[in-house]
Amino acid sequence: DAVRAQLSSAIRDAVAKSGLPGESVAVTVTDIATGAAIHDDDGARPMVPASNMKVISTGAALALLGPDFRFSTRLLRDGDRLTVVGDGDPSFGDEAMLPFVPGKPANATALVDAWVAAAKQAGVSRVRELVVDARIFDAELTSPDWHDRHLDNTYCARVAGLSFHENLGGAVLGTRGGKPELLRWDPPAPWMTASADGSASANPKKPSTLGIARTGDPDRFVLRGNLPKAGPDPIPSCVPDPAAFFGRFLASRLSAAGVQVGTVRMASAPAPAPAGGVVGTPVTTPLTEVVRRCNEESQNLYAESLVKRMGAAATKAPGSWANGMQAVRGVLASRLGPELAASFDGKDGSGLADANRVTTQLMCAWIRSMVNDPALARPFIESLAKAGQEGTVKDRFKPAPLGGSEVACKPGYING
C-alpha cells in the first residue's frame, strides 16, 4: 500500500508539472500478472488515443489473422495477360522491409525487376494486358474520418489493396535559374512531372520551406517554397492512387527490358478471380514483421492496412474501414468482454481520426490480455519500441537510470 501511494503521488505530481489541464489527462496503472489496479485517475473516461491506437490495431491483427500469417503479393500469367494480385501488404516495396524478401533486393526497383526477369525467362515477350488486382480492399483510399489537414502529409499515405514503396514517391531535385527543378522520381516514374510555381526559390541564405503539392492531375505536382541546397535524398510525397501507380511502374520496367506492353488496367469489382500460373517468386512478408514496423516506427499506412486486412479476413469481402473496425471490436469483445469493449469507439487503425476514443482502463486490460497470451505475447512485446534504444523513442529515457529495466512502449502525438 505504501508503494502504491508513493507511485500515485509521483504520477499526480508529474501530471501537475506537465502544465496540461487536468481534464485532458487520464492514467491507469495495472499489474500485468494479477490485473490489480495500482493507480487509476479517470480511467473510465474516453480519451483521444492518437497513435496509441496502433497498440490495439496490431494486437487485434495478431489475434485475428494469427502470428504465423504471411502476406503474399503475386504475379500471374494467363496467356498474354499478366496480373498482379495484391494481398493488402503495406510493406511491399518498402525498402526498410526488403531484408525479409527472398534474395534481399537492393531497392524497390530491383524487387520489381526480379519479376520482370522471371517473366522474360518464362518466355514473355509481349503483354497484351497488364491487370492490377487490388480488390482485397475497397476503393476508398482515405478514411472519411480524417481531417483535410492531414491529406497532403506523407504520414497520410493512401491505403490500397496493393501498396508499393510506402505509397510514396520521392522527388530528387536540383536547381536551375534560382528555382528548384525535378531531376527524377524515386522509384522511376517518367510519366510524372513536378514544376516550380511562382513562389518557389532556391536561395541558400533562406531556410528550407519546400513542399510538394498535389494538383488536379494525378501525374502532376507543384514545387512550392524555398530549397536552400539540392541534395541526393528524395523529398517524399503521397502517390494519389498506389495500385494504379504500380501498374504503370511495372509496365515501364517491362518496356525498359524489351517486353511490349499493351493496356494497363485495374481489375473491376464484378470480374472473376485472377487466373494463371505464378511468375517468379511471390513476395511474402510475415505479419510479425509488419506489426513490428507498425509499432516501432509508428507507421500509419501499416496500421490502416492491418485494419482493412482484418475486415477482409472476417467478412470474405473487400476490406474497408467499416468492416475492419467491426472486426477489431469483435476481437476486443472476445478477449475483454462486451462491457469493457463497449467503451471503445474506434474509427481507424492509426489514430489519425480525431473522433477515436479509448479509455486507459481498456488499454491496460488489452495489453494484459496480449502479454498473458502464450501465442501472442512475444510478437506483441517485441513489436513495441524500446525506450532509449530504437524506433520513435530511441532518444527517450537516456538520462534515466533504469537499473537494467526495459521500457517497451508506444507513444502518441496530439496537437491541438
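Trainee: How many bridges join strand S6 to S11, and what makes them a pair?

Mentor: Strand S6 (residues 168–176) and S11 are joined by 4 bridges and run antiparallel. Two strands pair if DSSP finds at least two bridges between them, so the 4 bridges of S6 and S11 meet that rule. Strands here are DSSP runs of E with at least two residues, numbered from the N terminus. Keep in mind that this is a predicted model, where local features need pLDDT of at least 70, side-chain atom pairs count only at pLDDT 80 or more, and totals for chains, interfaces and linings use all residues. Residues are numbered from 1 along each chain as its sequence is written, and side-chain values use heavy atoms, leaving out hydrogens and water.

Trainee: Why are S7 and S11 called edge strands?

Mentor: The open sheet has 3 strands in the order S7-S6-S11, with antiparallel pairing. Strand S7 (179–186) and strand S11 (235–238) each pair on one side only.

Trainee: What makes S6 mostly covered?

Mentor: Buried means under 20% relative accessible area (1.4 Å probe, protein chains only). In S6, 7 of its 9 residues are buried, so the strand is mostly covered.

Methods:
Buried < 20%, exposed > 50% of the residue type's maximum accessible area, 1.4 Å probe, protein only.
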